[in-house]
Amino acid sequence: MNLQNNTILITGGASGIGFALAQRLREAGSDVIICGRRADKLREAQDKVSGLHIYECDLAQATDRAELARQVQADFPALNVLINNAGIQNRFQLADLPPSLEAWEEQRQEIAINFEAPIHLTALLLPHLRQQPNPVVINVSSGLAFAPMAAAPIYSATKAALHSFTLSLRQQLVSVGVSVLEIVPPGVNTDLGGPGLHTWAVPVDEFADSIVARLAAGEQEIGYGTSEKIRQASRAELDARFEQINSH
Ligand SMILES: NC(=O)c1ccc[n+]([C@@H]2O[C@H](COP(=O)([O-])OP(=O)(O)OC[C@H]3O[C@@H](n4cnc5c(N)ncnc54)[C@H](OP(=O)(O)O)[C@@H]3O)[C@@H](O)[C@H]2O)c1
């Protein structure tokens with residue numbers, strides 16, 4: 001992927017991995033638009049990276065996705081790259097879930113944000129993207145797509161689904177000239193799942209430097225460290241990884 005002269009929408013780009021990508025892609029010479037729910041985080045990101053464009057939206061809501069797509073296309077007709085990065089991670093035991101509709105609605109958000117939103121936003125923007133030079137869709141999945149963490153059962157399943165969807169989308173879009181790429185992060189030190197849960201993990205800048213270099217080199221599916229191994233693992237290796245992740 002050529003990193004210069006793109007117009008890139010990064011969902012969830014005000015923090016963590018999304019922000020680290022926004023910084024680097026902006027530095028490389030692209031126009032970068034980010035979105036998220038927290039206005040203060042969006043403004044903070046804008047203060048740190050000059051020229052960053054921001055939109056407030058809740059990607060769990062289909063109406064917000066449609067409005068975001070409409071606004072971004074109107075404001076940035078050159079939009080040619082979508083990075084589906086926004087995500088949440090909930091840890092829970094299904095056996096402890098109260099049998100109320102409210103409790104289910106809370107769990108359902110994770111499916112809506114992590115899986116529904118990338119599909120819907122891609123569908124909304126595809127007619128526009130495919131008319132631009134060098135159109136690209138990048139989905140951010142996870143090493144947990146390949147070997148799930150039982151403590152985050154919906155999260156892991158949404159990422160496995162997103163990986164599967166990415167393969168199908170890539171195949172479908174070959175004929176229309178849209179590149180479909182996948183970033184497969186390992187544990188990265190961000191606030192995913194809540195502050196402090198990922199302090200043991202890979203520093204976000206180290207991770208993002210490697211990802212951006214490999215995007216520039218033209219790779220389609222990019223992991224880092226453990227996720228680079230796991231995305232290519234055999235079934236026996238995946239079973240061993242599952243045991244390792246879930247043994248404590
Ligand atoms: N960190 C890791 O260990 C790790 C590992 C594998 C994969 N990933 C994936 O990497 C991606 C980025 O996560 P991260 O680690 O950088 O965590 P993060 O810092 O919490 O970033 C997630 C971003 O998504 C945005 N977001 C969440 N729900 C949203 C919604 N309903 N509408 C719009 N924006 C929403 C958040 O902004 P608001 O809260 O302001 O909306 C936030 O900016 C996620 O897809 C995650 O699953 C991370």
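Predicted model: local features only at pLDDT ≥ 70, side-chain atom pairs only at ≥ 80, totals over all residues.

Residues are numbered from 1 along each chain as its sequence is written, and side-chain values use heavy atoms, with hydrogens and water left out.

Select residues 31-36, strand β2; strands (E, at least two residues) and helices (H or I, at least four) are DSSP runs numbered from the N terminus. Because 5 of its 6 residues are buried, β2 is largely enclosed by the rest of the structure; buried means under 20% relative accessible area, exposed over 50% and partly exposed in between (1.4 Å probe, protein chains only).

β1 and β2 run parallel and are joined by 5 bridges; two strands pair if DSSP finds at least two bridges between them. Within this pair, Ile 8 stands opposite Val 32. β1, α1 and β2 form a right-handed β-α-β unit; right-handed means that, with the strands pointing away from the viewer, the path from the first strand over the helix to the second runs clockwise.

Next, select β3 (residues 53-56), which runs parallel to β2 and is joined to it by 4 bridges. Gly 36 is found opposite Glu 56 here. Helix α2 (residues 39-48) carries the chain from β2 to β3 in a right-handed β-α-β crossover.

**Second stop: β5 between two partners**

Select residues 136-140. Is β5 covered on both faces, or which residues lie on each side? Val 136, Ile 138 and Val 140 lie on one side, Val 137 and Asn 139 on the other, and all are buried.

Show β4 (residues 81-84), which pairs with β5 in the parallel sense over 4 bridges. Asn 84 faces Asn 139 across this pairing. With helix α4 (residues 101-129), β4 and β5 make a right-handed β-α-β unit.

Then show β6 (residues 179-184), paired with β5 in the parallel sense over 5 bridges. The bridge partner of Val 140 in β6 is Ile 183. A right-handed β-α-β unit is also made by β5, α5 and β6.

Asn 5 has a positive phi of about 60° although it is not a glycine, and its relative accessibility of 68% makes it count as exposed. Move to Asn 134, in the loop between α4 and β5. Phi of Asn 134 is positive, near 50°, and at 55% relative accessibility this residue counts as exposed.

**Last stop: the ligand**

Select the ligand and the 28 residues around it, of which Arg 37, Arg 38, Asn 85, Tyr 155 and Thr 190 come nearest; a residue is near if one of its heavy atoms lies within 4 Å. The shell divides into 13 nonpolar, 11 polar and 4 charged residues.

Which polar contacts (pairs of N or O atoms within 3.5 Å) can be displayed? A nitrogen atom of the ligand lies 2.8 Å from a side-chain N or O atom of Asp 58. A ligand oxygen atom is 2.7 Å from a polar backbone atom of Val 188, and a polar side-chain atom of His 198 is 3.4 Å from an oxygen atom of the ligand. The ligand alone exposes 870 Å², of which the protein buries 95% (Shrake-Rupley method, 1.4 Å probe). The elements giving two or more residues to the shell are α1 (16-27) and α5 (153-173).

Conventions. Polar contact = N/O pair within 3.5 Å; in protein donor to acceptor, adjacent residues only side chain to side chain. Nonpolar A, V, L, I, M, F, W, Y, C, P; charged D, E, K, R; others polar.
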